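This report goes through a protein model for a reader who has the sequence and the coordinates at hand.

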Amino acid sequence: PQSINASIANRVSYVCNLTGPSFSIDSMCSSSINALDLACQLLLSKPVDAMMVGGVNLCSHPYKLDALKQNKFLSPTGQSR
């Protein structure tokens, strides 16, 4: 659920004593690059000193990669675009 993702981002902010907005982005496989792009856009447009961006891709089920491969969701070259 989205509320769990948002609470992780908020806990990291709390533990690191960060101020400002804290949120998660869930866009399936592109979440990390979307978060980085958003951070860069905000750094260029707003008076902030720094931003922290992180990303995780967790494949917790042993058959997930097999299913992705069978349905041709994985890159044939091993690189994301």
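## Contacts of S13

S13 is in contact with L18 and S22, leaving aside its neighbours within four places in sequence; contact means heavy atoms within 4.5 Å. S13 belongs to helix α1, where helices are DSSP runs (H or I, at least four residues), strands are DSSP runs too (E, at least two), and both are numbered from the N terminus. S13 has a relative accessible area of 15% and is therefore buried. The classes are buried under 20% relative accessible area, exposed over 50% and partly exposed in between, computed with a 1.4 Å probe on protein chains only.

## Basis of the values

The model is predicted, so local features need pLDDT of at least 70 and side-chain atom pairs count only at pLDDT 80 or more, while totals for chains, interfaces and linings use all residues. Residues are numbered from 1 along each chain as its sequence is written, and side-chain values use heavy atoms, with hydrogens and water left out.

## The largest pocket

The largest pocket holds about 1,800 Å³ of space. Of the 44 residues that line this pocket, I25, S31, A35, G54 and G55 are the closest to its centre. Two or more lining residues come from each of α1 (2-15), α2 (31-45) and α3 (64-70). The most come from α2, which gives 6 residues. By class, the lining has 25 nonpolar, 15 polar and 4 charged residues; Ala, Val, Leu, Ile, Met, Phe, Trp, Tyr, Cys and Pro count as nonpolar, Asp, Glu, Lys and Arg as charged, and the others, Gly among them, as polar.

The search uses a 1 Å grid over the protein atoms alone: a cavity is a set of points where a 1.4 Å probe fits but cannot get out, a pocket is an open set with protein on both sides within 12 Å along at least five of seven lines, and lining residues have an atom within 4 Å of a point. Grid points are joined across faces, edges and corners, and the volume is the space filled by probe spheres set on the points.

S31 is in helix α2 and is buried, at 15% relative accessible area. Not counting residues up to four places away in sequence, S31 touches I25 and D26. A polar atom of the S31 side chain lies 2.8 Å from the backbone nitrogen of S27.

## Cysteines

Why does the structure hold 0 disulfides? A disulfide is a pair of cysteine sulfur atoms within 2.5 Å. The sulfur of C16 has its closest cysteine sulfur in C40, and a bond is ruled out because the distance is 19 Å, too far. C16 is partly exposed, with a relative accessible area of 42%, and C40 is also partly exposed, at 37%.

## Backbone and exposed residues

Most residues other than glycine have a negative phi. N17 has a positive phi, near 55 degrees. N17 lies in the loop between α1 and α2 and counts as exposed, at 66% relative accessibility. K72 also has a positive phi, near 60 degrees. K72 is placed in the segment after α3, and its relative accessibility of 73% makes it exposed.

Y14, in helix α1, counts as exposed at 71% relative accessibility. The C-alpha atoms of Y14 and S75 are separated by 37 Å, with the two residues 61 residues apart along the chain.

Key:
A polar contact is a pair of N or O atoms within 3.5 Å; within protein, one must be able to donate a hydrogen and the other to accept it, and residues adjacent in sequence count only if both atoms are side-chain atoms.
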